[in-house]
Structures are given as C-alpha cells and as structure tokens.
Amino acid sequence: MNLSLVFRISAVIFLINAVGIIFMPSTFFGMAGFTMSASLVTLGQFLGITIIFLAILAWRTPEIAGDAITSYGQLWAIGNVLWFLIVGYHIVTGQAGGMTAYGNAILFVIFAILFFRYSKKN
C-alpha cells in the first residue's frame with residue numbers, strides 16, 4: 001500500500017457516505033440516532049454534496065500534489081483526527097450513536113493512522 005492508494009480508498013469511503021446522506025438521509029441519520037426533520041434532510045443534502053467534493057479532492061490529490069504528497073497526507077491525517085474527535089465527542093455526550101457514528105469514528109482512526117504512516121518521509 002502507498003499514500004496514493006490511501007487517498008483513493010478514502011475518496012471511495014467519502015463517496016459511499018455522500019450517497020447515503022443524499023439519497024437515504026432517514027436511514028443514514030436514523031442509524032446515528034437523529035430525529036428526522038425536513039431541516040435535517042436539507043442539511044444532509046448540502047453535507048452530502050460537500051462530501052462528494054471531498055471525495056473528488058481526495059481522489060485527485062495524488063495527481064495534483066506531486067512532491068508535496070507527504071505534506072498533503074499529513075494534513076489529511078490531521079483532518080481525520082479532528083473528525084474522530086468531534087464524532088467521539090458526539091458519541092460520548094449521547095448526541096450521536098449507532099452504526100453511522102461508530103463506523104465513521106473507526107474509519108477516521110484507521111485513515112489517520114494510514115495517512116500518518118504513509119506520509120513519513122524516508
């Protein structure tokens with residue numbers, strides 16, 4: 001495995017999450033323990049499109065970054081740590097739970113480790 005592959009796998013996971021949020025918001029948010037409303041669907045659609053943008057950015061980063069790819073990998077690792085911290089906070093405080101929250105928290109830890117590991121300069 002290399003850093004380019006980690007970016008590509010991350011992009012696919014982003015895309016899966018985006019599709020779930022956009023096309024199945026009741027299921028996606030319901031699994032996290034949220035009460036559905038029209039406002040949450042609207043927020044979910046915006047969030048889903050934003051996540052699609054992140055998927056495109058992650059997919060293209062290896063091509064665009066060039067020699068700076070390790071720096072970008074470290075930046076994405078930090079981002080995954082931040083996402084883990086906020087989802088972890090939501091889980092601990094009871095604001096979110098279920099497969100959506102736990103699954104994403106686990107993925108954020110895995111990707112943070114992978115990005116840090118493969119971003120080490122030789």
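Are Phe-7 and Phe-115 buried or exposed? Phe-7 is buried, and Phe-115 is buried as well; buried means under 20% relative accessible area, exposed over 50%, and partly exposed in between (1.4 Å probe, protein chains only). The legends below describe a predicted model, in which local features need pLDDT of at least 70, side-chain atom pairs count only at pLDDT 80 or more, and totals for chains, interfaces and linings use all residues. Residues are numbered from 1 along each chain as its sequence is written, and side-chain values use heavy atoms, with hydrogens and water left out.

**View 1. The aromatic pair of Phe-7 and Phe-115.** The structure holds nine aromatic pairs. Rings of Phe, Tyr and Trp (its six-membered ring) pair if their centres lie within 6.5 Å; planes under 30 degrees apart count as stacked, over 60 as edge-to-face and the rest as tilted. The ring centres of Phe-7 and Phe-115 are 4.8 Å apart and the planes stand at 65°, so this pair is edge-to-face. Distant parts of the chain are linked by the pair, since Phe-7 belongs to helix α1 (residues 3-23) and Phe-115 to helix α5 (residues 98-118), 108 residues apart. Helices (H or I, at least four residues) and strands (E, at least two) are DSSP runs, numbered from the N terminus.

**View 2. The aromatic pair of Trp-83 and Phe-108.** This pair is tilted, with 5.5 Å from centre to centre and 35° between the planes. Trp-83 in helix α4 (residues 69-92) and Phe-108 in helix α5 are 25 residues apart, and their pair links distant parts of the chain. Trp-83 is partly exposed, at a relative accessible area of 28%, whereas Phe-108 counts as buried at 13% relative accessibility. Both residues belong to a cluster linked by ring pairs, which consists of Phe-7, Phe-14, Trp-76, Trp-83, Phe-108, Phe-111 and Phe-115.

**View 3. Asn-80 and its contacts.** Asn-80 lies in helix α4 and is buried, with a relative accessible area of 2%. Not counting residues up to four places away in sequence, Asn-80 touches Phe-108, Phe-111, Ala-112 and Phe-115; contact means heavy atoms within 4.5 Å.

**View 4. The packing of helices α3 and α4.** Two packed helices are described by the angle between their axes and the distance between the axes. Helix α3 (residues 38-65) packs with α4 at an angle of about 155°, and their axes are 9 Å apart. Axes are lines fitted to C-alpha atoms, for helices over the stretch in contact, and angles run from 0 to 180 degrees between N-to-C directions. The helices α3 and α4 are therefore roughly antiparallel to each other (angles under 35 degrees count as roughly parallel, over 145 as roughly antiparallel, 65 to 115 as roughly perpendicular and the rest as oblique). Residues that make the contact include Leu-54, Leu-57 and Ala-58 of α3, and Tyr-72, Trp-76 and Trp-83 of α4.

**View 5. Leu-40 in helix α3.** Leu-40 is buried, with a relative accessible area of 15%. Apart from residues up to four places away in sequence, Leu-40 touches Phe-29, Phe-34 and Thr-35. Ser-26 is 14 residues from Leu-40 in sequence and 9.0 Å away in space, C-alpha to C-alpha.

**View 6. Ser-4 in helix α1.** Ser-4 counts as partly exposed at 29% relative accessibility. Leaving aside neighbours within four places in sequence, Ser-4 is in contact with Pro-62 and Ile-69.
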